[in-house]
Amino acid sequence: MSELLFTNTLKGSRAYELLGGDFSNGLGHAYMLVSSDDEVVKEFFTLIASTVFCTENSACLKCNECSKVLHGNHPDVVVVNGEGQVIKADAIRELTEDAGIRSFSGTKLYYIHRADLMNAVAQNKLLKTLEEPPKGVTIFLGVSNESAMLDTIKSRTRQIALDIFDNATVKEAMMSLGIDEDTASLSADCSEGLLGKAYKIAGSPDYANLYSSALNLLKGLNRSADVITVDRIPELTKKTDEFFNILSIVLRDMLAVKGNNPVLSRHVGLEIRNIAEGFSAKAISEIILLINEARRKLSLNVNLQGTIDSLLFSILEAKYKWQ
Ligand SMILES: [Zn+2]
């Protein structure tokens, strides 16, 4: 099973608290653990399994039982599709057959990772087990995209949405992993409250560069002659997608400044405030639309350099049209 990174944060989460009663009164037959942060969903299930089998207190992560769960060799904890691939009916047939065999402890937990990748045949197969669950069996479905699940499955599972954590909690979780404070702030700012997403950002050295490049673009674009200089920002052509993402975050923050709302990217909040002074709210809104349009063109394989040049000129135009 995967390495646990966020145990403390998850133990303090609302989602874990919601399961508290079930831990003491007995688990239900099926749960859907919902979050787009799929690696964290997997970790959350590990925490649940440790809580169920721990012989010390709840999920000590040290005792013999916990350690079996952590190492993926607990006889009564079965993980299906740990790699997050498309799940076919065969995999579910195996689960169903296995679930029919009496467990060692009387309790048996199954976790289907990225259950939203089950095809319809597999989902219908699983439905049969959910309708007549063997005694002592609990099935957890890790789901990124709830809309991919059949309503019949949804109605037979208890849905638990993982927390969207506040900025401070995400930052603290990052720092507890030894990530430096600046990187932790940056990744928390861009994480949308998702621990796994923050962790990925923290591990990608490009993010800080992308931010400063996005700010440089907005600062440096004042006359048509500037387009040539701005054009040389390397991330613009090399990491266009991510660059546009960050640029959109910065622009949304500029709009927030105009409306006296808090900015998302607090680590560069002051700079965003300064840049926002040079743009009207109307200009910013139009630039956001222009970026979306450029994205759409690129998805249709329109020439990259041409699209970027025309975007830069349009940004300039919008800036002065709506002063
Ligand atoms: Zn334990």
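Student: What covers the buried residues of H10?

Tutor: The cover includes helix H9 (167–176), H11 and helix H12 (206–220). Helices here are DSSP runs of H or I with at least four residues, strands are E runs of at least two, and both are numbered from the N terminus. A residue is buried if 20 or more other C-beta atoms lie within 10 Å of its own, exposed if 12 or fewer, and partly exposed in between, with C-beta atoms placed from the backbone. Seven of the nine residues of H10 are buried, so the helix is mostly covered. Those seven are Thr183, Ala184, Ser185, Leu186, Ser187, Ala188 and Asp189.

Student: What should I know about the model itself?

Tutor: It is a predicted model, in which local features need pLDDT of at least 70 and side-chain atom pairs count only at pLDDT 80 or more, while totals for chains, interfaces and linings use all residues. Residues are numbered from 1 along each chain as its sequence is written.

Student: How many helices and strands are there in the chain?

Tutor: The chain has 18 helices and five strands. Its C-alpha trace spans about 75 × 40 × 30 Å along the principal axes, and 39% of its 323 residues are buried.

Student: Into which domains is the chain divided?

Tutor: Domain bounds come from an automatic or database domain assignment. Here they give domain 1 (7–163) and domain 2 (205–321), with 42 Å between their centres, taken over C-alpha atoms.

Student: Which residues have the most contacts inside the largest nonpolar core?

Tutor: Leu33 and Phe140 do, in a core of 90 residues. Domain 1 and domain 2 both give residues to this core, so it lies between them. A nonpolar core is a set of buried Ala, Val, Leu, Ile, Met, Phe, Trp, Tyr and Cys residues joined through C-beta atoms within 7 Å. Two residues are in contact if their C-beta atoms, placed from the backbone, lie within 7 Å. Leaving aside neighbours within four places in sequence, Phe140 is in contact with Tyr31, Leu33, Phe45, Ile48, Leu109, Tyr110 and Tyr111.

Student: At what angle do helix H15 and helix H16 pack?

Tutor: Axes are lines fitted to C-alpha atoms, for helices over the stretch in contact, and angles run from 0 to 180 degrees between N-to-C directions. H15 (residues 240–258) and H16 (residues 269–276) pack at about 75 degrees, with their axes 9 Å apart. They are therefore roughly perpendicular to each other (65 to 115 degrees; under 35 is roughly parallel, over 145 roughly antiparallel, and the rest oblique). Val250, Asp253, Met254, Val257 and Lys258 in H15 meet Ile272, Arg273, Ile275 and Ala276 in H16.

Student: Which residues have a positive phi although they are not glycine?

Tutor: Most residues other than glycine have a negative phi. Two cases to look at are Asn81, with a phi of about 65 degrees, and Glu192, at about 55 degrees. Asn81 sits in the loop between strand S2 (77–80) and helix H6 (89–99), whereas Glu192 is in the loop between helix H10 (181–189) and helix H11 (195–202).

Student: Is Asn81 buried or exposed?

Tutor: Asn81 is buried, with 20 other C-beta atoms within 10 Å. Glu192 has 15 C-beta neighbours inside 10 Å and counts as partly exposed.

Student: And where does Glu39 lie?

Tutor: Glu39 is in helix H4 (residues 38–53) and counts as buried, with 21 C-beta neighbours inside 10 Å. Its C-alpha atom is separated by 37 Å from that of Lys219, 180 residues apart along the chain.
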